[in-house]
Amino acid sequence: MFRFLRRAAFKGPNIALVLSSDGLYDAEAGIEDGYVFDIYPLRSRRRSAGYVSLRLGESAGLYYLGHIGYRVEPAFRGRGYAAQAVRLLIPLMQDCGFQSVVITANEDNVPSRKTCEKLGCVLESVVPVSERYRKLCMGARTKCRYILDVSE
């Protein structure tokens with residue numbers, strides 16, 4: 001699916017997304033397929049500022065992980081790169097058939113929660129993470145589930 005992405009990059013005013021891997025599959029997490037893009041600031045395309053991922057599927061694991069994941073390296077934080085990266089992927093989310101996607105954040109991860117708010121996400125709920133999925137969620141006991149409407 002979407003093999004053309006190997007050569008393509010999504011480009012915004014401050015960042016470009018370059019496909020670093022596709023065909024993600026994780027049976028434990030219930031990820032059927034997905035993509036990971038490196039985030040490159042346009043001023044310095046030599047060093048990745050982090051990544052954004054789109055996970056396809058629906059499962060109990062994805063209930064806690066969400067469809068979208070991101071990480072911005074400390075030297076690049078505070079510039080809104082995560083929100084910009086997610087926005088750049090909205091056409092891909094739509095092509096994958098999504099009307100909405102889930103983004104989760106740990107309750108104490110204020111920057112990630114602010115990213116969700118900046119994107120216009122709606123906080124669906126704060127859910128306790130089942131013991132079975134805590135390792136998958138790196139020990140988190142609760143997750144904030146945000147919904148991002150990506151319908152046209």
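This is a predicted model: local features need pLDDT of at least 70, side-chain atom pairs count only at pLDDT 80 or more; totals for chains, interfaces and linings use all residues.

Entry 1, aromatic rings. I looked up the aromatic pairs and found four in the structure; rings of Phe, Tyr and Trp (its six-membered ring) pair if their centres lie within 6.5 Å, and planes under 30 degrees apart count as stacked, over 60 as edge-to-face and the rest as tilted. One of them is Y35 with F37, a tilted pair at 6.5 Å centre to centre with 35 degrees between the planes. Y63 and Y64 form an edge-to-face pair, because their ring centres are 5.2 Å apart and their planes stand at 90 degrees. I also noted a cluster in which ring pairs link F10, Y35 and F37.

Residues are numbered from 1 along each chain as its sequence is written, and side-chain values use heavy atoms, with hydrogens and water left out.

I checked relative accessible area, where buried means under 20%, exposed over 50% and partly exposed in between (1.4 Å probe, protein chains only). Y35 is buried at 1%, and F37 is buried at 0%. Y64 is buried at 10%, whereas Y63 is partly exposed at 34%.

Which charged end sits over the ring of Y63? I found that of R145, 3.9 Å from the ring centre; the test asks for NZ of Lys or CZ of Arg within 6 Å of the ring centre and within 35 degrees of the ring normal.

Entry 5, strands. I looked at β4 and β5, which run antiparallel and are joined by five bridges; two strands pair if DSSP finds at least two bridges between them. Helices (H or I, at least four residues) and strands (E, at least two) are DSSP runs, numbered from the N terminus. S53 has G69 in β5 as its bridge partner. Four of the five residues of β5 are buried, so β5 is largely enclosed by the rest of the structure.

I sorted the lining of the largest pocket into 19 nonpolar, nine polar and eight charged residues. Ala, Val, Leu, Ile, Met, Phe, Trp, Tyr, Cys and Pro count as nonpolar, Asp, Glu, Lys and Arg as charged, and the others, Gly among them, as polar.
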